[in-house]
Amino acid sequence: MELYQVQILAFAALICCTSSAYGWGVDGHLITCRLAQPRLSKATADAVSQLLPAYADDDLGSVCSWADQVRFRYRWSSALHYIDTPDNLCSYLYKRDCKDEDGIQDRCVAGAIYNYTNQLLSYGNGNSQYNLTEALLFLSHFIGDIHQPLHVGFTSDKGGNTIDVDWYTTKTVLHHVWDVSIIETAEERFYDSNVDELINKLQTNITTVWANQAKAWEACSKTACPDAYATEGIKAACDWAYKGVSNSSVLEDDYFLSRYPVVNMRLAQGGVRLAATLNRIFG
Ligand SMILES: [Zn+2]
């Protein structure tokens with residue numbers, strides 16, 4: 001094998017096998033951003049339009065995974081995708097849990113949501129000292145991540161990253177099941193492998209069967225409410241993601257069919273809340 005082929009393979013392995021630690025996969029983020037964008041007020045849509053890079057062509061979904069793509073270039077940002085909570089407590093407290101591995105306060109996904117919300121509030125104040133395009137892309141991504149239940153997981157298993165499981169016949173880790181596998185299997189089985197059909201289905205549910213709940217999802221007495229989402233997240237992690245799973249568990253239809261509705265709900269909540277947060281910032 002030529003050296004460049006080895007390098008390409010090594011690079012591909014790096015991409016494939018490290019991505020799972022950083023949040024919903026590409027489709028999960030695409031779904032939350034695509035659900036959010038049609039819910040933006042006129043003023044918010046205009047601001048988002050101004051801030052999106054030209055290559056996004058006004059499509060927030062197309063850049064919703066940008067924060068994952070820059071995690072090597074911006075090494076400081078990798079702790080901002082998740083929260084480690086104490087093992088088995090099934091609770092979250094900002095002061096106790098929102099810190100990185102070196103114990104630096106505020107460096108977790110909830111802290112990042114507060115920080116980028118504050119940065120974006122300077123939009124329209126003349127020359128902001130911040131890069132508000134990056135702030136928008138980070139915020140849109142992190143509101144997605146905080147809704148992935150295992151992004152608010154236990155410390156010792158790194159949110160399910162060290163729990164080996166079989167997803168049907170494929171070896172993976174529990175964290176990846178929640179980032180990617182459940183969504184992928186649902187797309188294949190119910191939506192002809194077409195993510196747009198899944199988005200349409202969730203969009204319809206938000207305006208019909210979930211309409212009343214969706215109002216409650218939006219509620220927030222401040223500009224951003226990540227602590228409430230994190231508390232729901234660790235509870236869902238305990239009640240659904242970790243429940244009945246140990247190292248070497250084989251996860252099949254029983255697990256998929258009971259957890260898939262939870263994933264759907266969290267994706268919908270992420271989309272509704274991203275839109276509501278942006279509307280509070282720019283509205
Ligand atoms: Zn992420």
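## L139 and the nonpolar core

Beyond its neighbours within four places in sequence, L139 is in contact with I113, Y116, T117 and L120. This is a predicted model. L139 is also among the residues with the most contacts inside the largest nonpolar core. I83, V109, I113, F142 and I146 share that place with L139.

Helix 12 gives the most to it, with 11 residues. As a general rule, nonpolar side chains tend to be buried together in soluble globular proteins.

## S140, a buried serine

S140 sits in helix 7, which covers residues 132-145. Is S140 buried or exposed? S140 is buried, because 28 other C-beta atoms lie within 10 Å, and 20 or more is the cut-off for burial.

Which residues does S140 touch, leaving aside neighbours within four places in sequence? The contacts are C33, L60, C64 and L274. A275 and S140 are 135 residues apart along the chain. Their C-alpha atoms are separated by 9.0 Å.

## Helix 9: two sides

Helix 9 runs over residues 195-207, 13 residues in total. At 1.5 Å a residue, helix 9 should span 18 Å. The C-alpha atoms at its ends are 19 Å apart, which agrees.

The buried residues of helix 9 are L198, I199 and L202. Seen down the helix axis, these buried residues fall within an arc of 100 degrees, so they line one face.

What covers the buried residues of helix 9? The cover includes helix 2 (26-36), helix 8 (174-190) and helix 12 (253-282).

Most residues other than glycine have a negative phi. Two residues here depart from that pattern.

K158 has a phi near 50 degrees, a positive value in a residue other than glycine. K158 lies in the loop between strand 2 (152-154) and strand 3 (164-167). With 16 other C-beta atoms within 10 Å, K158 is partly exposed.

Y168 is not a glycine either, yet its phi is positive, at about 55 degrees. Y168 is found in the loop between strand 3 and strand 4 (170-173). Y168 counts as partly exposed, with 13 C-beta neighbours inside 10 Å.

## The whole chain

How many helices and strands does the protein chain have? There are 12 helices and five strands. The radius of gyration is 18 Å, close to the 19 Å that the globule rule gives for 283 residues, so the chain is as compact as a globular protein of that length. Along its principal axes, the C-alpha trace spans about 55 × 50 × 40 Å.

Buried residues make up 43% of the 283 residues. Among contacts with a separation of 6 or more, 75% join residues 24 or more positions apart.

## Confidence

The protein chain averages a pLDDT of 93. At least 70 is the score of 92% of the residues. Residues 1-20 are another matter: pLDDT stays under 50 there. For this stretch the model has seven contacts beyond four places in sequence. Where pLDDT is low, the predicted coordinates should not be read in detail.

Definitions and conventions
Residues are numbered from 1 along each chain as its sequence is written. This is a predicted model: local features need pLDDT of at least 70, side-chain atom pairs count only at pLDDT 80 or more; totals for chains, interfaces and linings use all residues. Helices (H or I, at least four residues) and strands (E, at least two) are DSSP runs, numbered from the N terminus. The expected span of a helix is 1.5 Å times one less than its number of residues. A residue is buried if 20 or more other C-beta atoms lie within 10 Å of its own, exposed if 12 or fewer, and partly exposed in between; C-beta atoms are placed from the backbone. The arc is that of the directions from the helix axis to the C-beta atoms. Two residues are in contact if their C-beta atoms, placed from the backbone, lie within 7 Å. The radius of gyration is taken over C-alpha atoms; the globule rule is 2.2 Å times the number of residues to the power 0.38. A nonpolar core is a set of buried Ala, Val, Leu, Ile, Met, Phe, Trp, Tyr and Cys residues joined through C-beta atoms within 7 Å. pLDDT is the predictor's confidence in each residue, from 0 to 100.
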